[in-house]
Amino acid sequence: MKNRETKAQPEGKKEQAAPNPDHENRELHLTIPIVEGATCPPTGDYTIRDTEIKGLGLRVSPGSKAWIVRRKVGGQSFRHTLGRFPEMTLARARRDAKIAIGAFADGKHPTLERKAGQGATKKECLGTNFV
């Protein structure tokens, strides 16, 4: 048997390696070190799915990381983008994912509702007289 040197880890803290792009579309318990360490090859993208909130994932693509929720409604798969990392934290992404998942469960589509709201806001702005 070979003797291996091991680094002592503080009690309760275990080091987690960032996912390797060769292992695309994995399910992991997302943590800040995993999210920060996720890298993408120059072309293509992949998703790391969270095991804590089913449907939540981090889509890693060249130059950006985005929080997404995937859900099936009526047999059709939908992807809803929550926001980008690091502007949106992991905790907020989990909270917003629960809200989006609830909307999907009610038969609503959060992306379409957000776009409809943005359209109404644009119409209100265009109809306003700025003096």
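The model is a predicted one, in which local features need pLDDT of at least 70 and side-chain atom pairs count only at pLDDT 80 or more, whereas totals for chains, interfaces and linings use all residues. Residues are numbered from 1 along each chain as its sequence is written, and side-chain values use heavy atoms, with hydrogens and water left out.

Of the 131 residues of the chain, 31% count as buried, where buried means under 20% relative accessible area, exposed means over 50%, and partly exposed lies in between, with a 1.4 Å probe and protein chains only. The accessible surface of the chain comes to about 9,700 Å², of which 51% belongs to carbon and sulfur atoms; such areas come from the Shrake-Rupley method with a 1.4 Å probe, and for residues only the protein chains shown count as cover. Among contacts (heavy atoms within 4.5 Å) between residues at least 6 apart in sequence, 28% join residues at least 24 apart.

The 5 strands form an open sheet in the order β1-β2-β3-β4-β5, with mixed pairing; two strands pair if DSSP finds at least two bridges between them. Because β1 (27-28) and β5 (76-85) stand at the edges with a single partner strand each, one side of each is left without a neighbour in the sheet. Strand β1 runs parallel to β2 (residues 46-50), to which 2 bridges join it, and the bridge partner of Leu28 in β2 is Asp50. Helix α2 (residues 90-105) packs on the sheet, where it touches β2, β3 (56-61), β4 (64-73) and β5, and its direction makes about 25° with that of β4; the axes behind this angle are lines fitted to C-alpha atoms, for helices over the stretch in contact, and angles run from 0 to 180 degrees between N-to-C directions.

Strand β5 also holds Ser77, which counts as partly exposed because its relative accessibility is 43%. Leaving aside neighbours within four places in sequence, Ser77 is in contact with Arg70, Arg71 and Lys72.

The aromatic rings come next. Rings of Phe, Tyr and Trp (its six-membered ring) pair if their centres lie within 6.5 Å, and planes under 30 degrees apart count as stacked, over 60 as edge-to-face and the rest as tilted; by this rule the count comes to 2 aromatic pairs. The rings of Trp67 and Phe85 have centres 6.2 Å apart and planes at 85°, so this pair is edge-to-face. It links distant parts of the chain, with Trp67 in strand β4 and Phe85 in strand β5, 18 residues apart. Trp67 counts as buried at 0% relative accessibility, and Phe85 likewise counts as buried, at 16%.

The rings of Phe78 and Phe104 have centres 6.4 Å apart and planes at 25°, so that pair is stacked. Since Phe78 lies in strand β5 and Phe104 in helix α2, the pair ties together parts that are 26 residues apart in sequence. Phe78 is partly exposed, with a relative accessible area of 21%, whereas Phe104 counts as buried at 5% relative accessibility.

How values were computed: Helix = DSSP H or I, 4+ residues; strand = E, 2+ residues; numbered from the N terminus.
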